[in-house]
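Dear colleague,

Please find below the structure that I am handing over to you. My notes on it follow directly after.

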Amino acid sequence: MAHLMSIEEPSPALRSGRALWALGFRPFYLLASVFAALSIPLWALQFSGYLPHAYLAGPLWHAHEMLFGFALAVIVGFLFTAGRNWTGRPTPTGPLLMALAALWLIARVLVLTPYATAAAVANVGFPAAAAVALGVPFVQARNRRNYFFVALLGLMAVAALCFHLAHLGKAALPAWQGIRVALDVVLFILVVMGGRVIPMFTNNGVPGAQAAKKPWLEKTALGCVLAVLALDAMGVQGSVLALVTLLACVAHASRWTLWQPWKTLGVPLVWVLHLAYLWIPVHLLLRALGEWGWVAPTLATHALTVGAIGGLVIGMMTRTARGHTGRPLRADRYETACYGFILLAAAVRVFLPWLAPTQTVHAMLVSACLWSAGFGIYAIRYWPILSRPRVDGRPG
């Protein structure tokens, strides 16, 4: 599996004065972290009435932007970077990468304006364009093993299209269904990549670790998530969905224990991924309980978005950025602080409202501050790392 994280470097010509555009992770990690830190203040401005004519507002804006803004930017940046090695072909760099980053940024701005159609087109266009940009080298190299990543980006575009058509009143669909399907797509990407890299990072980075995988369990765990995605796409709710998510919870908890997370406590760059992945079975358990009416459905959503997505993103953004800029694979106190802030934000957002429902508003405020602090520290710390050439003099 080591080859999955080894990145083929672009030509030296891309280094000179344009390091930020040399590989996909550089601009998209930076944009995603800055946006994650600013998204909570932007949401506060909306509630305070300072953005009264925004196309998307309130919870819809928050849900849409965390998925199609923040999470999708990180996924695209990672896939553009890793895809170069998987295929041996160039993925977007230079002007093309600039254009894609500009499209992402335009989409973020337009949802805060009254230009609804333009906002919808930009937000559907970004994942569609990213799918094409990733698909070209995959098809050229006949890299069939990873075609599904192109399909998943395409599915994100379809989910965005359904969301915007519903919100604009052009389709008889609930806008939240597009959000739900997109969440499931991101969840599937996380469990696929988590299964590929977390055991490998554990065995490579933790002396004595013997993280293992069982083929039947891998198929069960991934298949259950695909089943949840299909049920959500069809609008199925109730006990059927609850039972499938409960089975998925057991499968992913079992998968996690095989990776021996208890052996990683001395290695922050590894334990952050294990703790973040643990939020996936928590999310699936809470989804099942939510379908039975035993907990608020938002608890499951935030276990996935803040805990799993936030935790895995901050862990992978630090590790891959360090590795692909020639730095040691070792977390310092700044990275460890980022991990702590994000994972604590998840715990506060999920468990405090569950145990003390009257404290929900306070939990939201504290969690939001922790989230912004975690990604704000990353943005400040990694700005020079992502925008400057590799320290070892190699291209990329």
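**Findings on helices, loops and cysteines**

Helix α9 is mostly covered, as 18 of its 24 residues are buried. Please bear in mind throughout that this is a predicted model.

Helix α9 comprises residues 268-291, and its end C-alpha atoms are 35 Å apart; this agrees with the 34 Å that its 24 residues should span at 1.5 Å a residue. Just after α9, Gly 293 adopts a positive phi of about 80°.

Helix α1 may be read alongside it. This helix covers residues 25-47, 23 residues in total, and reaches 32 Å from its first C-alpha to its last, close to the expected 33 Å. Within α1 there is a kink of about 35° at Ser 39, shortly before the proline Pro 41. Just after α1, Gly 49 takes a positive phi of about 85°.

Arg 142 has a positive phi of about 50° although it is not a glycine. This residue sits in the loop between α4 (116-140) and α5 (147-167), and Arg 142 is exposed because its relative accessible area is 62%. For Gln 260, a residue other than glycine, phi is positive and near 55°. Gln 260 belongs to the loop between α8 (239-258) and α9. Is Gln 260 buried or exposed? At 13% relative accessibility, Gln 260 counts as buried, because the limit for that class is under 20%.

I turn next to the cysteines. A search of the whole structure finds 0 disulfides. Cys 249 is accordingly in no disulfide, and the nearest cysteine sulfur, that of Cys 224, is 10 Å away. Cys 249 is buried, with a relative accessible area of 11%, whereas Cys 162 counts as partly exposed at 27% relative accessibility.

Finally, there is a feature of the surface to report. Which residues form a nonpolar patch there? They are Phe 351, Trp 354 and Leu 355, with about 320 Å² of accessible area together. Leu 355 lies in helix α11, which covers residues 333-355. At 73% relative accessibility, Leu 355 counts as exposed, because the exposed class begins over 50%.

With kind regards

Conventions:
Residues numbered from 1 in each chain as written. Predicted model: local features only at pLDDT ≥ 70, side-chain atom pairs only at ≥ 80, totals over all residues. Heavy atoms only, no water. Helix = DSSP H or I, 4+ residues; strand = E, 2+ residues; numbered from the N terminus. Expected span 1.5 Å × (residues − 1). Bend = angle between axes of the 7 residues up to and from the residue. Disulfide = S-S within 2.5 Å. Buried < 20%, exposed > 50% of the residue type's maximum accessible area, 1.4 Å probe, protein only. Patch = residues over 30% accessible without salt bridge, like charges linked within 9 Å, V, L, I, M, F, W, Y side chains within 5 Å. Areas by Shrake-Rupley, 256 points an atom, 1.4 Å probe, with all protein chains shown as cover. Salt bridge = Lys/Arg side-chain N within 4 Å of Asp/Glu carboxyl O.
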